[in-house]
Amino acid sequence: MSYTIALNFEDGVSRFITCKAGETVLDAAYRQKINLPMDCSDGVCGTCKGHCEQGAFDMGDDYLEEALSEEEEAEGKVLTCQMVPSSDCVIQVPVASTLCKTQVGELTGQVARVEQLSEDSIELAVDLDDEAELTFLPGQYINIKVPGSEETRSYSFSSRPGDKCASFLIRNVPDGLMSGYLTGAAKPGDSLTMTGPLGSFYLREAKRPLLMLAGGTGLAPFLSMLELLVEKGSDQPIHMIYGVSRDDHLVKLEALDDFAQRLPGFSYTTVVADEGSEHQRKGYVTHHMDADVLYDGEVDVYLCGPPPMVDAVLKHFREQGITPASFHYEKFAPSLTPAGEEVA
């Protein structure tokens, strides 16, 4: 029996370790050459303190309150030198990965398929050389080196963790380096080098209704999240508002219809910004966030889209006096690494 532990460092790097039954997180990390902060390893100093976002574990009682107070424990704080997991866990480590003598992982794969879904969107599928190397939290992204250059571009996974074939939705940027490669040169079998996973935008345990706000290719991480929710058998109400600029930019609707069949409680609406559209819902996602999907604020909101969309939603919430129970968002722009932020 063993468990997968996600260690999320404050610089956005995530590393995944295997923790044996009865083993502490600190010991498991050291066994796998990740030097988590520690001074005493006896529950005395508090140096190894982190925050467990999800998962079950036993802390025992062999530690001092000066190292971990009752209030901190109630908030989800843990001492990794005492924490013995009894399920998969996600732990926030409040230091940079470089201070723990670890770094972002690197893996390779081959282009399996490139499909232009619309003028605006490209789907890239990559066969991984060793899928066991790639573990991530749904919502996270990876950096892909553009063949023929030293540049990298960052894309969120649309596939689920553990799949042999990883997939991504990529915006087709005019004169873009990656876009040019995918539309003009890519062929099956091309070798790709990737580093990651990265990012603090990922699905947390679903304890209340979820509202997903996707803009354009910002749909990608939600496809990965929905796969996990199907696997976990979530019974929470989940609503997605998917906004694009033009009618023909709406993609992966068949996949969303399939999720609606497989995931009780999931529904979605689409919105098109183009004033000349014949779509039944026009405008922006902020025009279609009805009260019945906000649950008087008792809702977890996930938002991924271009910067203007993210800024508009933040402004809308402020103006409406809406404070979601948790709010996680990621804004992206061409040629830029996604800047994941979260507001609790």
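1. Start with strand E15, residues 238-244. Seven of its seven residues are buried, so the strand is largely enclosed by the rest of the structure. Keep in mind that this is a predicted model. Both faces of E15 are covered. On one side sit Ile238, Met240, Tyr242 and Val244, and on the other His239, Ile241 and Gly243; all are buried.

2. Now look at the neighbours of E15. Strand E14 (residues 210-215) pairs with E15 in the parallel sense, over six bridges. Leucine 213 has isoleucine 241 of E15 as its bridge partner. Strand E16 (residues 266-272) also pairs with E15 in the parallel sense, here over seven bridges. In this pairing, valine 244 has valine 272 of E16 as its bridge partner.

3. How does the chain get from E15 to E16? It crosses through helix H5 (residues 253-262), and this β-α-β crossover is right-handed. E14, helix H4 (residues 220-232) and E15 make a right-handed β-α-β unit too.

4. Helix H4 also matters for reading the largest pocket: five residues of the lining come from H4, the largest share. Strand E1 (2-9), strand E7 (89-93) and H4 each supply at least two lining residues. The pocket has a volume of about 750 Å³. It is lined by 28 residues, and Gln54, Asp88, Leu137, Leu228 and Lys232 lie nearest its centre. Which kinds of residue make up the lining? It divides into 14 nonpolar, seven polar and seven charged.

5. Next, the aromatic rings. The whole structure holds seven aromatic pairs. One of them joins phenylalanine 201 and phenylalanine 222. Their ring centres are 6.2 Å apart and their planes meet at 85°, so the pair is edge-to-face. Phenylalanine 201 lies in the loop between strand E13 (191-198) and E14, while phenylalanine 222 lies in helix H4, so the pair ties together parts 21 residues apart in sequence. Are these two residues buried or exposed? Phenylalanine 201 counts as buried, at 0% relative accessibility. Phenylalanine 222 is buried as well, with a relative accessible area of 0%.

6. Phenylalanine 201 has another partner, tyrosine 302. This pair is edge-to-face, with 6.2 Å centre to centre and 70° between the planes. Tyrosine 302 lies in strand E17 (residues 300-305) and phenylalanine 201 in the loop between E13 and E14, so the pair ties together parts 101 residues apart in sequence. Both phenylalanine 201 and tyrosine 302 are buried.

7. Last, a cluster to find in the model: ring pairs link Phe136, Phe157 and Phe168.

Terms used: Residues numbered from 1 in each chain as written. Predicted model: local features only at pLDDT ≥ 70, side-chain atom pairs only at ≥ 80, totals over all residues. Heavy atoms only, no water. Buried < 20%, exposed > 50% of the residue type's maximum accessible area, 1.4 Å probe, protein only. Helix = DSSP H or I, 4+ residues; strand = E, 2+ residues; numbered from the N terminus. Pairing = 2+ DSSP bridges. Right-handed = clockwise from strand over helix to strand, strands pointing away. 1 Å grid on protein atoms, 1.4 Å probe; cavity = no way out; pocket = protein on both sides within 12 Å on 5 of 7 lines; lining within 4 Å. Points joined across faces, edges and corners; volume = space filled by probe spheres on them. Nonpolar A, V, L, I, M, F, W, Y, C, P; charged D, E, K, R; others polar. Phe/Tyr/Trp six-rings, centres within 6.5 Å; stacked < 30°, edge-to-face > 60°.
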